[in-house]
Amino acid sequence: MVRVYIGLGSNLADPEQQLRSALEALGQLNATTLAGVSSFYASDSLSPGQPRYTNAVAALDTELAPLALLDALQAIEADQGRERKERWGPRTLDLDILLYGEEVLDQPRLVVPHYHMHARPFVLYPLAELVAPDFRLADQRALSELLAECPFVGLERL
Ligand code: ROI
């Protein structure tokens, strides 16, 4: 069993409902237990000209290997109508593997810890709700230090 953290995001077609549906699907994954869910947060898109996002983080305990988990997450995204057009385009649902236990992975399909999580308030603040105050990422950076460098600006807790 490995503890993993999943970032959820949506900015199309009723984002809060998209996140609730995704959480239900995560709870039904094979060999996986949904162990915790953060609050939902709204924030402006980092790419200008898109609708605001709703984001959250979920904790899973899973026996799925990293790429099997990635396949399962992409199937949930596809089920909820995600179309991959532009790289940073608006999306009905984005599910990112933020952390997979203590593992550091650098593979063509999967980089863990997730590339951008270290500086994104809409990832770090919900993650902080689910972990102990002295939590360290797989690359040994302390979450408290990342939070100190990442002000709670533009983030609205729903
Ligand atoms: N902006 C916010 N606020 N939340 C996201 O999940 C998000 N995801 C993205 C980009 C377009 C970078 N901006 C985002 O992919």
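1. Buried residues of H1. Pro 15, Gln 18, Leu 19, Ala 22, Leu 23 and Leu 26 are the buried residues of this helix; buried means under 20% relative accessible area, with a 1.4 Å probe and protein chains only. Seen down the axis of H1, they fall within an arc of 135 degrees, so they line one face of the helix. The arc is taken from the directions from the helix axis to the C-beta atoms. Helices are DSSP runs (H or I, at least four residues) and strands likewise (E, at least two), numbered from the N terminus.

2. Basis. The model is predicted: local features need pLDDT of at least 70, side-chain atom pairs count only at pLDDT 80 or more, and totals for chains, interfaces and linings use all residues. Residues are numbered from 1 along each chain as its sequence is written, and side-chain values use heavy atoms, with hydrogens and water left out.

3. Packing of H1. Its buried residues pack against strands E1 (2–10), E2 (32–37), E4 (53–62) and E5 (94–100), and against helix H2 (66–79). Contact means heavy atoms within 4.5 Å.

4. Ser 39. This residue sits in the loop between E2 and strand E3 (41–43). Ser 39 counts as buried because its relative accessibility is 14%. Its side chain makes a polar contact with the side chain of Arg 157 (3.0 Å). A polar contact is a pair of N or O atoms within 3.5 Å; within protein, one must be able to donate a hydrogen and the other to accept it, and residues adjacent in sequence count only if both atoms are side-chain atoms.

5. Ligand. A polar side-chain atom of Ser 43 lies 2.8 Å from a ligand nitrogen atom. A polar side-chain atom of Asn 55 is 2.8 Å from a ligand oxygen atom.

Notes:
Buried < 20%, exposed > 50% of the residue type's maximum accessible area, 1.4 Å probe, protein only.
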